[in-house]
Amino acid sequence: MSVDPLRFIRPDFLDLEAYEPVKPLEVLAAEIGLPVERLVKLDANENLYGPLPEVRDAVAAADLHIYTDPTQSRLREMIAEYLGVPAEAVVAGAGSDDLIDIMIRLTSPSAIVNATPTFGMYSFLGKMGGARIVEVPRTPGPAFEPDIPGIGRAVRAGATLVFLASPNNPTGNALSMEQVEALCNMECIVVIDEAYAEFAGRSAVAQVQQHPNLVVLRTFSKWAALAGLRVGYAVAAPQLASHMMAIKQPYNVSVAADAAARVALEQRGVLSERVSAIVAERERLTRDLGQFDWLRPLPSEANFVLVKVVGRDAKAVVSGLRTKGVLIRYYSRPDLAGYIRISAGRPEDTDRLLEALRAL
Ligand SMILES: *Cc1c(COP(=O)(O)O)cnc(C)c1O
């Protein structure tokens with residue numbers, strides 16, 4: 001007898017588009033014909049300085065045979081001290097992606113607002129959660145301003161969860177305090193994803209106190225160079241945070257990630273010097289890319305720059321750079337047609353990029 005397992009799968013999962021995975025670096029290096037060390041990886045907004053030795057030591061010393069603390073008490077205390085909020089306002093997770101998922105499961109929304117173009121995880125996890133994704137497009141580039149009145153209309157039409165990245169990936173622009181206020185006055189939960197806040201020097205965390213429907217997401221992936229370890233957190237009103245704590249997977253932050261994040265916070269002085277260096281490279285990128293008459297870099301508050309390619313094929317630029325070992329991000333979406341995204345790395349990474357661009 002043969003039982004068809006597909007009969008028991010949620011029907012809308014049967015024809016879900018598969019998530020397009022990024023190829024492992026070794027595979028890419030082999031395809032390009034360069035050693036991995038020669039690749040300049042500017043395609044995923046990672047922090048190319050890598051983790052601090054103290055953080056590596058903490059991971060090596062962690063008690064990997066013991067379950068992690070489900071109350072995350074030491075980590076939440078330290079994050080709370082970092083931000084100047086009560087520990088009860090903090091919920092940690094396996095990257096901010098985990099917190100996006102927790103918010104979707106907690107609210108089980110019938111509709112979610114997505115201000116496109118933006119980070120793909122809100123619509124991916126929203127669909128997983130069975131929600132309808134209401135796209136409220138940003139204004140066309142290069143402004144890419146969120147349509148606040150349009151979001152208001154979507155909320156009045158029944159959307160209960162609104163996601164906005166600030167600074168936004170890939171457009172690099174951040175929300176003003178007034179825009180955050182306007183969103184928080186809507187009848188819904190507003191999630192502001194601040195994955196790049198440390199590069200921007202502005203944040204909506206202080207507005208959580210006035211707005212119990214505001215959730216701010218932060219992560220150690222970018223500023224602390226821990227993308228591969230998976231640790232992020234949410235800041236929310238304690239009452240809402242306690243419900244998030246109640247439904248999260250109890251062991252969502254691994255022992256290694258917990259230890260690494262705490263040491264990163266202890267070492268934030270050194271890490272913030274690297275953040276400053278990356279911001280300086282972002283500014284240099286913006287200036288130097290503007291010297292090419294076929295590139296129009298957009299201003300950015302994050303660790304990457306979105307660039308309009310004019311008079312040349314953006315895809316050909318990406319593949320041309322790739323043959324020289326420089327990896328950047330290309331988009332096939334119509335609202336980003338002609339755009340490429342370049343992450344800010346170390347000075348030597350910018351040097352390699354500019355050299356490769358001149359040689360195209
Ligand atoms: C990189 C990025 C994240 C990071 O997610 P983690 O799960 O914390 O690694 C979150 N949001 C946006 C907009 C990003 O670009």
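User: Is Arg322 buried, exposed or partly exposed?

Analyst: The general idea is to compare a residue's relative accessible area with cut-offs: buried means under 20%, exposed means over 50%, and partly exposed is in between, with a 1.4 Å probe and protein chains only. Arg322 counts as partly exposed, because its relative accessibility is 29%. Please keep in mind that this is a predicted model, in which local features need pLDDT of at least 70 and side-chain atom pairs count only at pLDDT 80 or more, while totals for chains, interfaces and linings use all residues. Residues are numbered from 1 along each chain as its sequence is written, and side-chain values use heavy atoms, with hydrogens and water left out.

User: With which residue does Arg322 form a salt bridge?

Analyst: Side chains of opposite charge can pair when their charged atoms come close. The rule applied here asks for a side-chain nitrogen of Lys or Arg within 4 Å of a carboxyl oxygen of Asp or Glu, and by this rule the count comes to 20 salt bridges. In the case of Arg322 the partner is Glu31, with the closest N and O atoms 2.8 Å apart. Glu31 belongs to helix H2 (residues 25–32) and Arg322 to helix H13 (residues 314–323), so the pair ties together parts that are 291 residues apart in sequence. Helices (H or I, at least four residues) and strands (E, at least two) are DSSP runs numbered from the N terminus. Glu31 counts as partly exposed because its relative accessible area is 43%.

User: How far apart are the closest N and O atoms of Glu194 and Arg218?

Analyst: In the salt bridge between Glu194 and Arg218 that distance is 3.4 Å. Glu194 is buried, because its relative accessibility is 2%, and Arg218 is buried at 6%.

User: Which residues are linked in a network of salt bridges?

Analyst: Such a network is made up of Glu281, Arg284, Arg287, Asp288 and Asp351.

User: Which residues come nearest to the ligand?

Analyst: A residue is near a molecule if one of its heavy atoms lies within 4 Å of it. There are 14 residues around the ligand, and those that come nearest are Asp193, Tyr196, Thr219, Lys222 and Arg230. Helix H5 (residues 95–107) gives the most to this shell, with three residues. As for polar atoms, which are counted as a polar contact when a pair of N or O atoms lies within 3.5 Å (within protein, one must be able to donate a hydrogen and the other to accept it, and residues adjacent in sequence count only if both atoms are side-chain atoms), a ligand oxygen is 2.6 Å from an N or O atom in the side chain of Thr219. A polar side-chain atom of Arg230 also lies 2.6 Å from an oxygen atom of the ligand. Taken alone the ligand exposes 390 Å², of which the protein buries 94%; such areas come from the Shrake-Rupley method with a 1.4 Å probe, and for residues only the protein chains shown count as cover.

User: With which side chain does the side chain of Asn169 make a polar contact?

Analyst: The partner is the side chain of Arg341, at 2.8 Å. Asn169 lies in the loop between strand S5 (161–165) and helix H8 (177–184), and Asn169 is buried, because its relative accessibility is 9%.

User: Which residues of helix H6 are buried?

Analyst: In helix H6 (residues 121–128) the buried residues are Met121, Tyr122, Ser123, Leu125 and Gly126. The elements that cover them include H5, strand S3 (111–114) and strand S4 (132–135). Just after H6, Gly130 takes a positive phi of about 80°.

How values were computed:
Contact = heavy atoms within 4.5 Å.
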